[in-house]
Amino acid sequence: REVLARYAGRLTAVFQANQGYAAAFNAGFALSRGRIVCLLDADDVWLPGKLARVVRRFEAEPALSMVQHFLQDADAGLSPLAVEFPIWPARTTLDDYLDGRAEFTATSGLSLRRETLAAALPLPVALRFLYADDLLTVRALARGPSGNIAEPLGLHRVHGANFCAGTLADPKKLASDLSMRRVYRENVDRLLTGLGREPGPRHRRLEELELLRREILLHAYEGRRFSAFGLWLRGLSRAATNPFGLFRVLSC
């Protein structure tokens with residue numbers, strides 16, 4: 001709060017009891033006024049020129065519901081870390097997502113039109129730590145394509161104290177991750193049902209593998225090793241004919 005006090009008159013600080021990620025999104029948007037809303041996590045930074053690039057992209061393509069850009073991983077002191085960025089198309093559509101071909105940025109790389117956010121919010125407050133940005137992105141894609149800027153216009157700080165750091169090695173975090181991922185999937189499925197759409201085979205396979213990996217690890221951490229092995233065998237039988245799925249299951 002001492003840091004925010006230095007910006008008196010330049011920003012509006014909104015304080016509320018900590019209710020997690022989604023509740024903060026909902027509260028911030030309710031008090032915002034801009035035509036374009038850009039998101040920024042507490043420990044990340046934007047690079048100079050980011051806002052101008054985002055605004056130009058929105059102005060050039062009125063059909064875009066959102067704009068996203070790469071984030072460069074950095075250490076606690078903001079020194080860049082080695083990272084390999086995906087090959088990004090100029091735009092991502094809902095069809096890309098349903099086909100399992102969509103690559104999303106993290107929160108601090110997201111910017112959305114006001115009317116997109118008005119339709120996409122509120123987010124379920126059960127998404128306290130994870131998947132709020134993913135659900136927001138899918139809801140935005142339901143209104144129009146995302147414009148992708150395949151350049152790092154911000155730094156994503158990776159310092160070990162991030163909630164998502166080490167999730168797969170911490171049983172408590174892993175249990176929370178699984179719970180919130182189910183909330184995310186329930187909301188996505190409800191959205192798609194309303195649109196008369198459904199995920200394609202690749203999308204479903206990738207989601208099954210993500211859930212399987214988490215369930216196997218959680219059962220193992222909790223001492224249910226026979227149960228974990230049973231889940232692994234089930235995954236192995238399902239993934240036997242798919243090279244990527246087989247690799248993921250064998251890695252578990």
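## Basis of the model

Residues are numbered from 1 along each chain as its sequence is written. Because the model is predicted, local features need pLDDT of at least 70 and side-chain atom pairs count only at pLDDT 80 or more, while totals for chains, interfaces and linings use all residues.

## Helix α7

Helix α7 covers residues 171–195, where helices are DSSP runs of H or I with at least four residues, numbered from the N terminus.

At the start of α7, a side-chain oxygen of Asp 170 comes within 2.9 Å of the backbone nitrogen of Lys 172, and just after the helix Gly 196 takes a positive phi of about 70 degrees.

## Helices α8 and α10

Helix α8 (residues 201–221) and helix α10 (residues 243–251) pack at an angle of about 5 degrees, with their axes 10 Å apart; axes are lines fitted to C-alpha atoms over the stretch in contact, and angles run from 0 to 180 degrees between N-to-C directions. The two helices are therefore roughly parallel, a term for angles under 35 degrees.

## His 69

His 69 lies in strand β3 (residues 66–74), a strand being a DSSP run of E with at least two residues. His 69 is buried, with a relative accessible area of 0%, where buried means under 20% (1.4 Å probe, protein chains only).

How values were computed
Side-chain values use heavy atoms; hydrogens and water are left out. Angles under 35 degrees count as roughly parallel, over 145 as roughly antiparallel, 65 to 115 as roughly perpendicular and the rest as oblique. The expected span of a helix is 1.5 Å times one less than its number of residues. A polar contact is a pair of N or O atoms within 3.5 Å; within protein, one must be able to donate a hydrogen and the other to accept it, and residues adjacent in sequence count only if both atoms are side-chain atoms. Buried means under 20% relative accessible area, exposed over 50%, partly exposed in between (1.4 Å probe, protein chains only).
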